[in-house]
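I opened this entry to keep track of what I looked up, going strand by strand and then to the chain contacts.

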Amino acid sequence: MTLLPLGDYLEALRHTTPLIHCITNYVAMNSTANLLLATGASPAMLHAQEEVAEFTALSSGLSVNIGTVSAPWAEAMLTATATANQHAIPWVLDPVAVGATTYRQQLCGQLLAMSPTVIRGNPSEILALNGLKSQGRGVDSTSTTEQAAEAAIALAKQQGCIVAMTGERDWVTDGRQHYQIEGGHPLMPRVTTLGCALSALVAGFVAANRDHPLAATTAALACFAVAGEQAGSVAQGPGSFQVALLDALYQLTADDLSANARVVAIDAI
Amino acid sequence: MTLLPLGDYLEALRHTTPLIHCITNYVAMNSTANLLLATGASPAMLHAQEEVAEFTALSSGLSVNIGTVSAPWAEAMLTATATANQHAIPWVLDPVAVGATTYRQQLCGQLLAMSPTVIRGNPSEILALNGLKSQGRGVDSTSTTEQAAEAAIALAKQQGCIVAMTGERDWVTDGRQHYQIEGGHPLMPRVTTLGCALSALVAGFVAANRDHPLAATTAALACFAVAGEQAGSVAQGPGSFQVALLDALYQLTADDLSANARVVAIDAI
Amino acid sequence: MTLLPLGDYLEALRHTTPLIHCITNYVAMNSTANLLLATGASPAMLHAQEEVAEFTALSSGLSVNIGTVSAPWAEAMLTATATANQHAIPWVLDPVAVGATTYRQQLCGQLLAMSPTVIRGNPSEILALNGLKSQGRGVDSTSTTEQAAEAAIALAKQQGCIVAMTGERDWVTDGRQHYQIEGGHPLMPRVTTLGCALSALVAGFVAANRDHPLAATTAALACFAVAGEQAGSVAQGPGSFQVALLDALYQLTADDLSANARVVAIDAI
């Protein structure tokens with residue numbers, strides 16, 4: 001898959017600073033904006049029905065996250081994704097806690113019908129999206145990426161999209177090619193909304209590398225894995241980890257990413 | 001009251017990682033989630049009428065904070081608290097700035113009728129809830145906990161609940177037994193939404209220690225007092241204080257808490 | 001203009017700790033509250049139509065930011081600004097991304113009709129507000145303050161208000177007197193919502209220095225410029241910059257501000 005060294009996809013992000021329209025949850029808004037700015041993308045958050053289509057059309061990528069969704073936000077998500085599709089703008093779905101309630105399942109059904117370019121979730125969310133019985137009780141995952149790998153591949157095939165599943169090890173698949181990414185740090189699940197922010201960063205990478213969405217998604221996850229490792233090596237706890245992660249994403253060079261990313265192709269599962 | 005050393009209640013929180021449903025204000029969402037994760041609970045924020053009851057029923061505890069409330073959120077609060085009561089799930093009320101407007105007073109009247117397990121507020125809020133003339137002009141308190149102690153006890157008796165009142169010294173009372181907690185740091189009021197996050201942490205402690213809500217509430221406040229002292233000893237200002245507080249809550253052991261908490265029983269006021 | 005040393009305006013802020021009612025965007029709420037608390041003002045966020053007028057009337061200043069506006073929030077903004085005008089409470093308009101959509105332009109037209117005391121924006125926003133063709137594609141500015149200086153002065157004259165335009169160099173003008181403020185750090189645009197928080201801080205300074213709004217606005221911007229320089233000198237990236245900025249604003253003395261602010265009067269442009 002990797003047509004270019006992974007660092008080249010980061011280089012493209014920084015060169016183009018893609019405008020990423022984020023319709024995300026209240027918890028994640030600030031951290032998402034800061035993670036995008038630190039890495040090199042340009043975030044914008046807005047959702048009013050009066051303007052959402054107009055703004056999506058100006059954007060290079062769209063990230064939709066259902067964390068704290070309510071009816072007006074769901075409507076904005078459907079309008080924005082329709083606009084993204086009309087203008088061939090890549091968009092990422094983050095199906096937060098989709099297994100937890102009927103409302104989330106129904107909304108995700110509507111959003112899947114809008115053909116996301118990438119789905120980014122944890123193993124419980126991917127299992128739930130694929131119609132399997134989810135063990136997730138909320139925003140946390142109780143399954144591993146290995147346990148959900150088959151579901152991820154099946155979902156990617158069925159949707160014709162990329163699935164990025166994050167956990168102790170990350171998986172990326174388009175249904176045909178599968179990659180595993182190692183790295184990160186045990187403190188990452190102790191900081192809220194890192195996964196939500198990563199979904200928006202995936203939108204940034206895919207927007208900046210339109211011809212290579214699978215490699216771009218992998219590069220976004222590898223950024224987090226490498227920067228997360230670096231942040232973990234200096235952090236005393238989740239407070240200093242957050243600070244160090246933003247600094248590490250900002251300081252991460254394309255060469256660092258190419259040299260330190262641990263990505264392996266998975267032939268059979 | 002303290003049937004067990006205070007650290008045991010923290011141990012129980014970490015052992016069970018209770019899922020805490022937070023219906024809180026926009027300012028506090030991210031900091032609340034991070035403080036719960038750092039300490040050892042599992043936060044979830046959602047409020048849509050379509051799913052709120054379904055989700056509260058899955059939770060171990062509920063925290064309701066009226067900071068940036070509007071009509072749809074007030075409706076979610078009433079649905080969630082009714083669900084909590086149906087399922088015997090403990091819930092905490094944080095009556096932010098209740099003295100400031102008629103709308104807040106009316107909403108708090110409705111929420112008090114839903115029988116919170118614990119009320120966590122500052123002295124001005126406790127005075128206002130108890131029907132006394134409040135001096136508070138907003139989210140800050142202009143009264144001390146000592147000045148509001150009688151109101152806290154009266155409110156606890158009248159409601160049959162626990163009142164946790166935080167200030168330079170904290171008070172916890174169930175109307176019969178009263179405890180004072182010392183610690184913390186003068187920088188704490190210079191960081192926004194620490195009180196809001198503490199309310200959610202109280203929900204976590206009470207959820208993890210169902211048989212001992214008074215001791216669990218005291219332990220939650222003692223965690224903040226001890227970790228706040230530690231954070232204050234290394235902070236240069238409110239920015240580094242926030243970071244150090246998250247790290248300190250993460251690093252705090254049950255033994256640290258038992259050894260360093262300064263809790264005294266108050267016999268008469 | 002500067003009737004007093006700039007530090008005196010900071011001293012007045014800290015002496016009076018003005019209550020600043022912030023109707024701002026979801027991304028900026030937490031950072032705005034923390035920046036106000038660190039510097040010495042008292043923030044409060046609420047927006048429900050049921051209480052917004054009652055609360056604005058209690059406040060010393062109001063800050064209105066359209067970042068994530070939707071219909072109920074726009075209504076709250078119009079009610080709050082009307083109340084501010086009835087009670088002669090100063091208010092600040094932050095026209096986030098006004099050039100991006102028709103909805104924002106129409107809302108800003110309504111808000112300009114409510115006579116803001118100060119408008120704080122980036123050059124693209126000031127150009128858009130002044131009816132010129134904006135180059136801005138979102139929340140970022142693609143014009144410099146120098147390119148937009150004429151528009152800022154024209155807008156100030158037409159509105160009879162102060163315009164504070166921030167960028168690599170900041171400009172403050174009331175249409176007759178113009179000041180340029182140097183300082184800050186290249187990391188500032190890599191941290192989200194610093195401009196939004198600055199708008200609220202301007203409301204704080206103007207509220208605490210009612211007779212000198214032009215000097216107070218200049219002092220608020222100078223605080224950010226001086227503290228930003230200090231934070232930049234110790235930061236490793238945008239994560240540590242945020243932390244250091246809050247600490248620097250907290251530690252900044254009136255004497256520091258007077259001594260280190262680099263403000264020059266601009267005679268002709």
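I began with strand β2 (residues 42-45) of chain A and asked which way its side chains point. A:S42 and A:A44 point one way, A:P43 and A:M45 the other, and all are buried. The model is a predicted one.

Next I looked up the partner of β2(A). Strand β1 (residues 19-23) of chain A runs parallel to β2(A), and four bridges join them. In this pair A:C22 stands opposite A:M45. I then followed the chain from β1(A) to β2(A): it passes through helix α2 (residues 29-39) of chain A, and this β-α-β crossover is right-handed.

I noted the whole sheet. It is open, with nine strands of chain A in the order β2-β1-β3-β4-β5-β6-β7-β8-β9, and its pairing is mixed. β2 and β9 (262-266) of chain A are at the edges with a single partner strand each, so one side of each has no neighbour in the sheet. On average, neighbouring strands are turned by 20° against each other, direction ignored.

Further into the sheet I checked strand β3 (residues 61-65) and strand β4 (residues 91-94) of chain A, which run parallel and are joined by four bridges. A:N65 stands opposite A:D94 there. Helix α4 (residues 71-86) of chain A lies across β1, β3 and β4 of chain A, at about 150° to β3(A).

Last, I turned to chain B. How many residues of chain A are in contact with it? I found 28, against 28 residues of chain B. On the chain A side, α2, α5 (102-112) and α10 (238-251) each supply at least two residues. α10(A) gives the most, with four residues. I sorted the chain A side into 11 nonpolar, 13 polar and four charged residues.

Methods
Residues numbered from 1 in each chain as written. Chains lettered and ligands numbered in written order. Predicted model: local features only at pLDDT ≥ 70, side-chain atom pairs only at ≥ 80, totals over all residues. Buried ≥ 20, exposed ≤ 12 C-beta atoms within 10 Å, placed from the backbone. Pairing = 2+ DSSP bridges. Right-handed = clockwise from strand over helix to strand, strands pointing away. Contact = placed C-beta atoms within 7 Å. Nonpolar A, V, L, I, M, F, W, Y, C, P; charged D, E, K, R; others polar. Axes fitted to C-alpha atoms, helices over the stretch in contact; angles between N-to-C directions.
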